[in-house]
Amino acid sequence: MGLVKESSGAVHRGLRLGKLGLSITGSYLGYQAQNIFLGERQRDQRRRQFQTQSSRRIRAELGSLKGAAMKLGQLLSLQTQALPEEAIAELANLQMHAPGMHPTLARAQFKASLGKDPEEVFRRFEDEPFAAASLGQVHRAVTRAGETVAVKIQYPAIRAAIESDLKLLRSATLPARMTGYAPGDIIDEIQRGFLEETDYVHEARNIEFFRRELNGFDYLTIPKAYGDLTSERVLTMSFVEGEIISRFLERKPSQAVRDLIGTRLVELYYSQLHRLKTLHADHHPGNYLFQPDGRIGLVDFGCVKRINFDVSDLIRSCVGRTWRKGHKEAAHVLHLVFGPRVPYARARKMLPTLEALAASLYPEGKDADPLVHFGKAELLRNLAQALKKALRDKVTNPEFAFISRAELGLYSLLHQLNARVNVRETWRRCDC
Amino acid sequence: MKAPLHKSPPPRPRGKRIENKERTRQAILRAALDLFAEKGFYQTTTRAISRKAKIAEGTLFNYFETKEDLALYFFEQELAQIVDWYQHDKRVRKAGLPEKLFAIIHRLLERLGPYEEFIGAVYLRALQPSSRLHPLSLSAQEQNLRYLRFIREVLAEAAAEGEIPNLGDLGAYGFALFHLAVITYWLQDRSAGKENTLALLDRCLKLATHTLRKGGWDW
């Protein structure tokens, strides 16, 4: 059923092109697809832990998808074959990486967007970026007032590339859309999300929102955006300390610290769902910065999902398994998950999947271990299966495109942390 | 506008008359460019230029017969400036070839930026074989050769570093054509900050360098 029929010639060519570190077609998302293969060397170490077979399957899975379709795949894990959970983790960690910019280009883009050279507005500006961002790269700089800041510069013309990719995606998925396997509204939702991510002025507003709403968590640092040094393509924010997950784990943090961080991540997640009704939906490992004492820095607010249904009600129902009580209750839960479009008879088939998800997140029964062991990847597997089944049974809801992305990302992060978290208890604290 | 500086006595001291002439040429160009940027190319009269340059209107035509001559002189100045900048910018000299070439074209585009209308107007004319600005025109030849030699040198440096194979004259010619194409694109580019040109430039240069290094189209 795949969204895009595999064309080995094109994929092969894409791979070769991928080595260039840029895409000749100007396709930004196409570039993403190549990145998976490109990054192979760097990720060798991690991949070695996986079975050869599973990694071969990852390639096969991803190889049949291209460009934006691949991103869709990431969001929906839509292949029919069973995906190994590690592959799901891999999918969740797939990130948008724009081609790197040399200093001259970074400066040119800075000036094109802000109208001034970096030296005119900063006391110091480092030519070499210190991090890659989803759509560009981040440079360290010092403001005139002496504050250290991170300056995110977007690769030029990304937005146009994404737009043309989505146009292609729409025609490529026409058969899938006609048959209902890739509903048009999901593509709309993805388009909305991706395009929103390209506007840094919008992201600066998101940063301010989260900073204000989450300031009660003393372990959390969210950068401050500098409005006067921000434009659509340049975002200046205060510098956030910490290490990305892979480097943090190299320090071999104790289980206690990993559990603490895990619990905090879950707490932040539920707080966003319940209180903010808004979700930081880009759980790329690079967006989390950890410190040895368990403090967390959260950066990159490009992909934010505002939730348009009563998610608190849904989670409460999942914890309490209210669907077991009767038809009416079950119909209510399914309506929350799948929206008004999916008829009850079809949605009902998803109940066992919901049961499985609830079982792994909120264990019930007196003897059950209240802690969720994220290292076991059971949850990732269940979630992947749920998404797959939803797609196969055509019971998708665009509301969940980015929520699933956030969820997969979060669980994958917790999986890497090998954290043990009492999810039910953490949820209870947040739902008020 | 400053007259060219001569620190030590030049090998063949130029006469005061030549120096004055050069100074007037520069003053006219400066006045014209200022007016183009301020009022637009089409709104600027020769009278306004001569008034701003403080010369008689008739004298103006002794220096520049047409606006193409003005453009030719402008490009000549810009080229000299870019060669000079390139030779003294240590960071760019150390950069990889795609960045060097990017910097050269981008710098020129940045300098052209304020006079876009003027450049656009002469650019179309320049494609006609009768134009003095035409790549094959004799008036422009000297300047074209200067440009080609400069690019050939940049490419030869990269070849010596092993970045690309030795391309000789052909490489410089190829780049010159590309440069023209980029200016055409840039003139039409309506994206914010002309970022589409930046992206195009970056992609093409990286692709070309890669292709040359790998010896052909490996796909």
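Author: Chain A splits into domain 1 (8-93), domain 2 (103-154 + 199-238) and domain 3 (241-432), with bounds that come from an automatic or database domain assignment. Before going on, a quick word on the ground rules: this is a predicted model, where local features need pLDDT of at least 70, side-chain atom pairs count only at pLDDT 80 or more, and totals for chains, interfaces and linings use all residues. Residues are numbered from 1 along each chain as its sequence is written, while chains are lettered from A and ligands numbered from 1 in the order in which they are written.

Now for the spot where domain 2 of chain A meets domain 3 of chain A. Taken over C-alpha atoms, the centres of these two domains are 30 Å apart. Where they touch, 15 residues of domain 2 of chain A are in contact with 18 residues of domain 3 of chain A; being in contact means that the C-beta atoms of two residues, placed from the backbone, lie within 7 Å.

Let's stay on the domain 2 side. Two or more residues each come from helix 12 (200-213) and strand 5 (220-221) of chain A. Helices here are DSSP runs of H or I with at least four residues, strands are runs of E with at least two, and both are numbered from the N terminus. Helix 12 of chain A gives the most to this side, with 5 residues.
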